[in-house]
Amino acid sequence: MHEGRLKLANARAFLGKLTRDTRANTLAIMAAALIPLAGMVGGGIDISRMYIVKTRLQHACDAGALAGRKSMGGGTWNQTVGSVANYPQVTAGQFFDANYNSAAYGATNVSKSFTENAGKVSGSAQATLPMTLMRIFGKTTETLTVTCDAEMRLPNTDVMFVLDVTGSMADPQPGDTVTKMAALKTAVKCFYEIVARLDTDANCTTGTPSGGTGNQVQIRFGFVPYDQNVNVGRLLKPEWFADSWEYQTRQANWTPPGTTSNGPYWEVYSGGSISQSDCLKFMNNQSFSGFSPTPTTSGSSPSPKIDVTFQSDGVASQGGNNGEFGWNGSSDNSGTNQSCRRQRTDTTTTYVPAFKDWTYDQMAVNVSLLKNGTNWNNNFQWPVGNNGVNKTIAWDGCIEERKTVSYTSYDPIPSDAKDLDIDTVPNSADTKWGMALPGLTYTRASTSTNNTTNWSRASSTTTTNYSQGANYTCPVSAKKLQRWPSASDFDTYVDTLQPGGNTYHDAGLVWGARLMSPGDANGNGGLFAAENKLTDDGGEIERHMIFMTDGDACTDLENYTSHGVDWYNPVTLPASTTPSEGCTSTGNLTQQINLRTEGLCTAIKNHKITLWVIAFGNLAATTETRLTNCATTGRYFKATSAADLQATFKKIADQISALRLTK
């Protein structure tokens with residue numbers, strides 16, 4: 001018993017001593033902390049591996065979604081390209097694989113999936129990552145999942161089509177079976193399909209789009225079809241037009257009311273032989289066998305009144321053929337070869353002016369008759385009809401330009417060349433426009449059309465009805481920038497484009513710029529700046545002008561253009577210069593168009609508008625050089641067939657369409 005107590009006491013003493021001795025505590029503490037430390041380090045390593053793998057999965061998913069959306073020609077997901085079915089989906093998977101190393105960090109069971117809805121490509125991907133030190137805590141694997149999507153979302157975008165619709169567009173390109181105009185209509189519609197993602201009635205190579213662009217972005221399209229004129233008048237405010245405008249026209253001259261006399265003059269009885277007694281009756285305007293008296297009065301107010309009187313001595317004597325009154329018969333009074341004459345006077349009284357003749361010259365016309373408050377009348381009456389009667393003068397919407405001057409360079413635009421000014425809102429006589437009115441225009445001194453050799457600039461007074469011999473065309477009305485939520489409305493407008501007239505590039509370019517300008521570099525002016533500066537929500541806008549032409553500049557002296565009839569009004573030339581016509585660079589009128597075009601191209605680009613230029617066909621080398629310089633750098637294209645033209649418009653649409661990730 002005593003021995004047992006001793007052992008217990010010794011044990012207690014040892015343990016007490018041990019508790020008071022700290023020399024070996026570190027080892028115990030380290031042993032106890034080893035497990036949580038392993039968890040912390042292992043967790044950090046595995047979490048880092050998870051982050052890297054998930055980041056790589058996200059990048060690959062994003063790349064696949066972008067590639068899949070970009071390969072959706074015309075916005076179509078289920079399309080076959082070459083022999084590859086579901087090409088966009090296959091492309092998305094390929095880009096995912098190219099951007100993800102499946103062997104990295106030991107991840108397994110890597111999978112991806114891409115779908116499309118309303119133009120948005122959505123993707124998901126996942127991978128299983130084995131754990132390292134986290135296995136200590138029973139965590140052997142972690143499944144990582146990411147999602148992504150890509151939508152062809154434009155920035156807020158304005159696109160203005162400045163389209164050559166001149167007469168040559170009625171011809172096909174060599175090798176084509178459709179006209180250039182038909183090819184243009186298809187190409188523009190297919191452009192719309194790509195950008196607006198709505199299906200038109202065109203047969204496009206990019207497939208059938210769907211979904212539209214929604215309300216998250218503002219996309220607007222405008223049109224300026226041009227030949228030698230542009231039809232923009234009814235887009236403008238009536239107060240921007242002058243009330244009086246000068247035209248090459250005519251003015252009726254009138255005989256005032258009053259009395260005129262014709263006579264006296266001899267009037268001989270022409271009914272055959274006449275007896276002496278009947279001759280006396282004839283001289284006194286009395287009836288007899290075979291003769292009824294001439295009315296002594298005809299007409300009444302307001303028409304002219306004519307009074308007829310006869311002078312006679314009352315005796316039908318022989319010898320009337322010797323300058324006397326009377327009867328001329330044979331001596332035996334047999335009645336053969338008898339004649340009778342009398343002296344007659346016609347007195348005409350007019351109560352209203354009577355048409356006399358015309359004066360042809362450049363004259364002012366009261367065109368305010370076309371204005372109707374804030375709206376327009378379609379026509380007005382003006383006394384240029386036959387014999388000075390009123391004629392209905394219709395207005396189709398084409399305009400005459402405001403004041404200009406002649407220079408050897410228009411780069412930059414001279415301040416006094418108001419017809420090339422893009423931003424100034426009309427505020428004076430020099431900055432207002434006139435209406436193009438061919439119904440008023442007469443090419444004086446010529447009764448034939450299309451023959452300037454017989455025309456005259458001199459004022460002319462004549463009874464002749466001279467011709468209206470100027471060549472006049474007016475394209476369909478231009479369209480301001482607007483949303484086109486209906487593809488059928490877009491189709492309907494594009495189908496109205498028709499070819500005609502000569503090629504005046506400056507007319508199309510200046511109005512394309514005016515209709516889309518937000519104002520000058522300082523934010524001043526701009527005819528439609530309130531509509532063009534920002535979106536309705538205050539967003540910034542990217543601006544693009546697509547300028548397409550199939551030809552060189554081409555003028556004709558007989559053309560009625562936005563500066564009047566070229567032969568009469570060569571206002572773009574120095575004073576006293578004889579105008580000459582031609583194409584490419586022949587003729588001083590054509591040379592001026594080229595100079596003015598060059599200046600406008602620079603001015604448009606200075607407005608932060610991307611200027612895309614398409615030459616449709618093989619144009620003169622100098623023209624192609626001019627168009628290349630006109631375009632924003634890298635934005636010049638050439639197409640030589642209908643297929644090329646559609647492909648060119650697609651290239652532009654693809655470049656304008658900026659992809660943005662929505663997640």
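This is a predicted model: local features need pLDDT of at least 70, side-chain atom pairs count only at pLDDT 80 or more; totals for chains, interfaces and linings use all residues.

Guide: We begin with burial: a residue is buried under 20% relative accessible area, exposed over 50%, and partly exposed in between (1.4 Å probe, protein chains only). In this case E624 is buried, with a relative accessible area of 16%. Residues are numbered from 1 along each chain as its sequence is written, and side-chain values use heavy atoms, with hydrogens and water left out.

Visitor: With which residue does E624 form a salt bridge?

Guide: The general idea is that side chains of opposite charge can pair when their charged atoms come close. A salt bridge is counted when a side-chain nitrogen of Lys or Arg lies within 4 Å of a carboxyl oxygen of Asp or Glu. Here E624 meets K638, at 3.1 Å from N to O. The pair links distant parts of the chain, 14 residues apart: K638 is in strand β27 (residues 636–639) and E624 in helix α10 (residues 621–630). Helices (H or I, at least four residues) and strands (E, at least two) are DSSP runs, numbered from the N terminus. K638 is partly exposed, at 37% relative accessibility.

Visitor: How many salt bridges does this rule give?

Guide: The count comes to 23 salt bridges. One of them joins the side chains of D495 and K189, at 2.8 Å from N to O. Since D495 lies in helix α6 (residues 487–495) and K189 in helix α4 (residues 180–196), the pair ties together parts that are 306 residues apart in sequence. D495 is partly exposed at 34% relative accessibility, whereas K189 is buried at 6%.

Visitor: Which residue forms a salt bridge with R596?

Guide: The partner of R596 is D506, and their closest N and O atoms are 2.8 Å apart. R596 belongs to helix α9 (residues 588–606) and D506 to helix α7 (residues 505–516), so this pair ties together parts 90 residues apart in sequence. R596 is buried, at 3% relative accessible area, and D506 is buried, at 6%. Salt bridges may also form a network, as those linking E267, R342, R344 and D346 do.

Visitor: At what angle do α4 and α6 pack?

Guide: For such a reading, axes are lines fitted to C-alpha atoms, for helices over the stretch in contact, and angles run from 0 to 180 degrees between N-to-C directions. The angle between α4 and α6 is about 155°, and their axes are 10 Å apart. That makes α4 roughly antiparallel to α6, since angles under 35 degrees count as roughly parallel, over 145 as roughly antiparallel, 65 to 115 as roughly perpendicular and the rest as oblique.

Visitor: Which residues form a nonpolar patch on the surface?

Guide: Patches are made of residues with over 30% relative accessible area and no salt bridge; like charges are joined within 9 Å, and nonpolar side chains (Val, Leu, Ile, Met, Phe, Trp, Tyr) within 5 Å. Accessible areas come from the Shrake-Rupley method with a 1.4 Å probe, and for residues only the protein chains shown count as cover. In this model, I45, L133, I136 and F137 form such a patch, with about 360 Å² of accessible area together. I136 is placed in the loop between β2 (120–130) and β3 (141–151), and I136 is exposed at 53% relative accessibility.

Visitor: What kind of peptide bond joins S301 and P302?

Guide: S301 and P302 are joined by a cis peptide bond, with omega about 10°. P302 lies in the loop between β8 (297–298) and β9 (305–311). A cis peptide bond also joins D411 and P412, where omega is about 10°. The loop that holds P412 runs between β17 (399–400) and β18 (434–435).

Visitor: Is phi of T584 positive or negative?

Guide: Phi of T584 is near 65°, a positive value in a residue other than glycine. T584 lies in the loop between β25 (582–583) and α9 and is buried, with a relative accessible area of 19%. N86 has a positive phi near 50°; N86 is in the loop between α2 (25–70) and α3 (87–98) and is partly exposed, at 33%.
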